[in-house]
Amino acid sequence: MSPTQLPFPEGFLWGAATAAYQIEGAAHTGGRQDSIWDVFARLPGAVADGHNGDVACDHYRRYKQDVALMGQLHMKAYRFSTSWARCMPDGVTPNPEGLAFYSRLVDELLAAGITPWLTLYHWDLPQALEDKGGWANRDTAYRFAEYAALMHGVLGDRVRIWTTLNEPWCSAFLGYAAGVHAPGRQDPRAGLAAAHHLLLGHGLAARGLRREDPDASVGITLNLTVPDPRDPGSEGDRDAARRIDGQFNRIFLDPLFRGEYPADLLADVAHLGLADLVQEGDLEAISTPLDLLGVNYYHGESLTKDLADPGEQAGQETTSAPAQPARPVSSPFVAADGARSVPRGLPVTGMGWEVQPEGLRRLLNRLQGEYTGPAGIPIYITENGAAYDDVPDEAGFVDDQDRLGFFEAHLQAVHGAIADGVDVRGYLAWSLLDNFEWSFGYHQRFGLVRVDYATQERIPKASALWYSAVADSNAVPAGANPVLPSEPGVVLSV
């Protein structure tokens with residue numbers, strides 16, 4: 001190994017991730033019916049320029065091409081999600097044609113030597129279940145456990161790694177409290193109810209998967225932040241950081257790993273009734289032991305309680321990124337009491353998010369010390385990446401040195417965390433393809449591979465070629481990080 005290379009542990013898992021609604025298209029093909037995102041995208045102002053996932057990257061028809069591309073890029077794992085609305089269109093009845101699609105995809109991955117990593121839920125709840133209350137309705141947790149059992153019955157002989165939920169914080173609080181994501185509700189109580197029922201659904205599904213398949217690896221993926229007080233000497237700033245930590249990180253970590261909600265969080269939201277939602281046996285199910293924790297990291301937060309500019313409340317989408325949807329939204333932090341994010345002069349991505357790789361190293365060390373280490377389970381980075389304003393040349397190639405620099409800096413941070421003693425065993429880049437970026441529609445591109453949406457042509461970017469070499473060599477360059485863009489921008493709060 002060259003002294004200019006930082007080697008990763010033998011067997012470190014390299015790959016990429018996607019989500020069903022963001023890439024599949026075929027929205028009403030093969031028996032699939034509306035998910036909450038199909039319906040939300042039809043609301044005026046909900047998604048930039050009225051974009052939707054009806055076609056997306058046409059992965060439903062082009063999956064063989066995409067699997068071959070992953071093989072060419074030396075990826076050893078592919079984390080994808082199955083669409084509940086495709087597999088059980090009404091939320092309860094199996095759809096053989098939808099199930100057959102995922103069976104073909106898994107077979108194609110295995111034939112290419114790529115490990116299939118299945119995420120059961122990446123935000124596309126069947127609209128039929130939302131019509132009955134969605135995740136704010138406790139019954140949805142039981143329907144989710146049935147869905148998990150169905151998927152394992154069809155794919156469990158070939159899929160060995162299972163993620164129950166992707167980013168339940170987004171599902172619960174962006175979807176039910178802020179109205180930023182589907183289903184677009186703006187009800188703090190519903191947001192907390194959704195959070196608890198998502199956790200309950202995870203626990204019931206994990207318990208069922210472990211009962212049916214003790215050798216499978218079962219985990220959950222959380223998007224986590226690093227909340228720093230802007231002024232550590234300020235009591236108000238420390239309280240802002242504590243509240244955001246409680247309502248972003250610990251609201252999920254503590255029930256999963258400790259079988260309880262944090263006492264300070266329960267006090268913060270006491271007026272919204274979270275404690276009243278917890279029934280006997282819930283926390284025991286939620287804390288069903290995990291085999292791994294998936295961590296999604298994009299940036300941390302500098303937090304203050306200084307209300308000089310109340311328009312920058314934490315969680316508000318006060319970004320200068322283009323094509324922001326026009327629909328009014330609320331804060332996802334239901335008891336943040338004036339906490340807001342403030343820029344620190346760091347480089348920013350096309351989304352307006354600060355680039356903070358050292359935060360990832362700190363986050364991983366915290367998890368190892370407080371949660372995964374005591375539980376004796378490994379961490380996998382299940383999403384990490386950046387959107388930038390890609391400019392293709394005449395051949396469609398994107399020389400995205402900014403994104404390449406983002407990946408290199410964050411992988412160096414992961415390597416540093418491993419050197420610190422953190423048990424990190426894999427890295428799955430977000431995302432394999434440019435895709436439907438939720439409320440931003442097709443205006444924000446996170447892909448290693450450029451997708452020409454008019455022709456559906458796939459063209460690997462410079463970052464994809466660099467990442468392919470990293471995956472092939474199991475090492476990242478050890479030199480100074482490439483220069484990252486530093487144009488001023490307004491930070492998009494968590």
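The following exercises, each with a worked solution, concern the predicted model shown above.

Residues are numbered from 1 along each chain as its sequence is written, and side-chain values use heavy atoms, with hydrogens and water left out. Because the model is predicted, local features need pLDDT of at least 70 and side-chain atom pairs count only at pLDDT 80 or more, whereas totals for chains, interfaces and linings use all residues.

**Exercise 1. The nonpolar core**

Determine which residues have the most contacts inside the largest nonpolar core, and list what Trp 37 touches.

Solution. 
Step 1. A nonpolar core is a set of buried Ala, Val, Leu, Ile, Met, Phe, Trp, Tyr and Cys residues joined through side-chain atoms within 4.5 Å. Buried means under 20% relative accessible area, exposed over 50%, and partly exposed in between (1.4 Å probe, protein chains only).
Step 2. The largest such core has 142 residues, and those with the most contacts inside it are Trp 37, Phe 173, Val 414 and Tyr 427.
Step 3. Contact means heavy atoms within 4.5 Å. When residues up to four places away in sequence are not counted, Trp 37 touches Tyr 21, Val 47, Trp 123, His 181, Ala 182, Phe 436, Trp 438 and Ser 439.
Step 4. In soluble globular proteins, nonpolar side chains tend to be buried together.

**Exercise 2. Aromatic pairs**

Solution. 
Step 1. Rings of Phe, Tyr and Trp (its six-membered ring) pair if their centres lie within 6.5 Å; planes under 30 degrees apart count as stacked, over 60 as edge-to-face and the rest as tilted.
Step 2. A search of the whole structure finds 39 aromatic pairs.
Step 3. Helices (H or I, at least four residues) and strands (E, at least two) are DSSP runs, numbered from the N terminus.

**Exercise 3. An annotated residue**

Describe the location and surroundings of Glu 383.

Solution. 
Step 1. UniProt, in an unreviewed entry, lists Glu 383 for "active site". UniProt positions are given in the numbering used here, feature names are shortened, and annotations may be inferred rather than shown by experiment.
Step 2. Glu 383 is in strand S11 (residues 379-383) and counts as buried at 3% relative accessibility.
Step 3. Leaving aside neighbours within four places in sequence, the contacts of Glu 383 include Arg 79, His 122, Asn 166, Glu 167, Tyr 298 and Trp 430.

**Exercise 4. Strand S2**

Explain why strand S2 is described as largely enclosed, and identify the strands joined to S2.

Solution. 
Step 1. Strand S2 covers residues 13-17; five of the five are buried, so the strand is largely enclosed by the rest of the structure.
Step 2. In a regular strand the side chains alternate between the two faces of the sheet. Here Leu 13, Gly 15 and Ala 17 point one way, Trp 14 and Ala 16 the other way, and all are buried.
Step 3. Two strands pair if DSSP finds at least two bridges between them. Five bridges join S2 to S12, and these strands run parallel; Gly 15 stands opposite Leu 428 in S12.
Step 4. S2 also pairs with strand S3 (residues 77-81) in the parallel sense, over three bridges. The bridge partner of Ala 16 in S3 is Tyr 78.

**Exercise 5. Backbone geometry**

Locate the cis peptide bond from Ala 182 to Pro 183, and describe the phi angle and setting of Asp 58.

Solution. 
Step 1. Most residues other than glycine have a negative phi, and most peptide bonds are trans.
Step 2. The bond from Ala 182 to Pro 183 is cis, with omega near 10°. Pro 183 is found in the loop between helix H8 (168-178) and helix H9 (188-212).
Step 3. Asp 58 is not a glycine, yet has a positive phi of about 55°. Asp 58 lies in the loop between helix H2 (36-40) and helix H3 (59-72), and counts as buried at 10% relative accessibility.
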